[in-house]
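Work through these exercises with the sequence and the model side by side. Try each task before you read its solution.

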Amino acid sequence: MILATTPASEAAAQYDEEDGDAVRREAALEESSRASRHWWDRNADEYQDEHGAFLGDDRFTWCPEGLDEAEAGLLGPVAGLTVLELGAGAAQCSRWLAAQGARPVALDISHRQLQHSRRIDLGRGSEPVAVVQADAAVLPFADGSFDLACSAYGAVPFSADTALLMREVHRVLRPGARWVFSVTHPIRWAFPDEPGVEGLTATSSYFDRTPYVEQDAAGHATYVEHHRTLGDRVRELTAAGFRLLDLVEPEWPEQLDQEWGGWSPLRGKHIPGTAIFVAER
C-alpha cells in the first residue's frame, strides 16, 4: 500500500530538493515510470518509518481516513481467490488478504519497497508474500490469471496512461472478477495540499489534467503524479470493459485526529479526500 500526497501550486513553489523545482507539465509513460521507480526506491525507508505504524504489517486500509477492508467489505469474500495487489509497497494489504485465505501476489515498481515486504515477513517468521517488481501498465502475467485485483493508493496516480493500466488489469482478470482501487479524490487537485484552513480554498482548476512533476536541476522528472476527473476514471473503466459497481467517498471519522500530508480532520469535515472505485470485469 502506498499513500501519496496531493500536489498543488503551493507545493510546487516550496519544492527545492537538490535545487530542483516542481511544475505542471506533460510527463509521458516512460518518464513517469522511471521517476516513480527511483523516487520510491530512494524514499521507501523514510516512508515505512513514518507511516508503518498506521499501515500495520498486515492491515488492509484503503485511505488516510482509516477505512479498513475488514469493515468495508468492498472486495467481497476473498478466501481461495488468487489476488493481484498493484502498487503494494511493503505488501501490508496482501498480508491481510493471505490471512483471510486468499493467494495474493504483491506487485510494485520499487525494489526497495518489496525489500521491506521481505523484512516484515522475516521479522514475523511468516510465509513470505509472493512479490513481483513490475510496472502496473505492463503486467507480466498471462490473460485471466487472477480472480481479483486491488490497489490502495498504489500505481494508478503515478501512471501516465491509466487507460492502458485499466486494460492491462482487465486482461489479467477472469470474467466476473472485481477490480477495486483507491486514489486521492480528484476534487483535491483544485485545492492546496495543506491540512489547515489554507487547504479549503480552491486555487487550481479541477479540469486541468496537466501532471504534477518534481524535477532536478537538469529538468529530469524525479516524481510525477497524474490527475483524472471522476468522469475520466469512469470512462477509462468502462472503455476497458469494466462495469462500475460503486464509488465510495469515505467520510473522516470523528475519532481520528491524525494528519497525513494534506489529509486532516479539518479538511475531512468539508471535502472528500479519497475516492474508491469498485468495478467488475
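**Exercise 1.** Find where pLDDT stays under 50, and decide how to treat that stretch.

*Solution.* 
- Step 1. This is a predicted model. Its pLDDT stays under 50 over residues 9-13.
- Step 2. Count the contacts beyond four places in sequence: the model has 8 for residues 9-13.
- Step 3. Where pLDDT is low, the predicted coordinates should not be read in detail.
- Step 4. Now set that against the chain. The average pLDDT is 93, and 93% of the residues score at least 70.

**Exercise 2.** Work out the strand order of the open sheet of 3 strands. Which strands stand at the edges?

*Solution.* 
- Step 1. Start with β1. Four bridges, counted as 4, join β1 to β7 (residues 212-215), and the two run antiparallel. D21 has Q215 of β7 as its bridge partner.
- Step 2. Go on to β8. Another 4 bridges link β7 with β8, again antiparallel. Here Y212 stands opposite E225 in β8.
- Step 3. The order is β1-β7-β8.
- Step 4. Read off the edges. β1 (21-24) and β8 (221-225) each have a single partner strand, so one side of each lacks a neighbour in the sheet.
- Step 5. On average, neighbouring strands are turned by 20° against each other, direction ignored.

**Exercise 3.** Inspect the hairpin of β7 and β8. Which residue takes a positive phi?

*Solution.* 
- Step 1. There are 5 residues between the strands.
- Step 2. G219 takes the positive phi, near 90°.

**Exercise 4.** Which residues of helix α6 (residues 162-172) are buried, and what do they pack against?

*Solution.* 
- Step 1. List the buried residues: T162, L165, M166, E168, V169, H170 and V172.
- Step 2. Name their partners. The strands are β2 (82-86), β5 (146-152) and β6 (173-184). The helix is α7 (230-240).

Technical notes
Residues numbered from 1 in each chain as written. Predicted model: local features only at pLDDT ≥ 70, side-chain atom pairs only at ≥ 80, totals over all residues. Heavy atoms only, no water. Pairing = 2+ DSSP bridges. Axes fitted to C-alpha atoms, helices over the stretch in contact; angles between N-to-C directions. Buried < 20%, exposed > 50% of the residue type's maximum accessible area, 1.4 Å probe, protein only. Contact = heavy atoms within 4.5 Å. pLDDT = per-residue confidence, 0-100.
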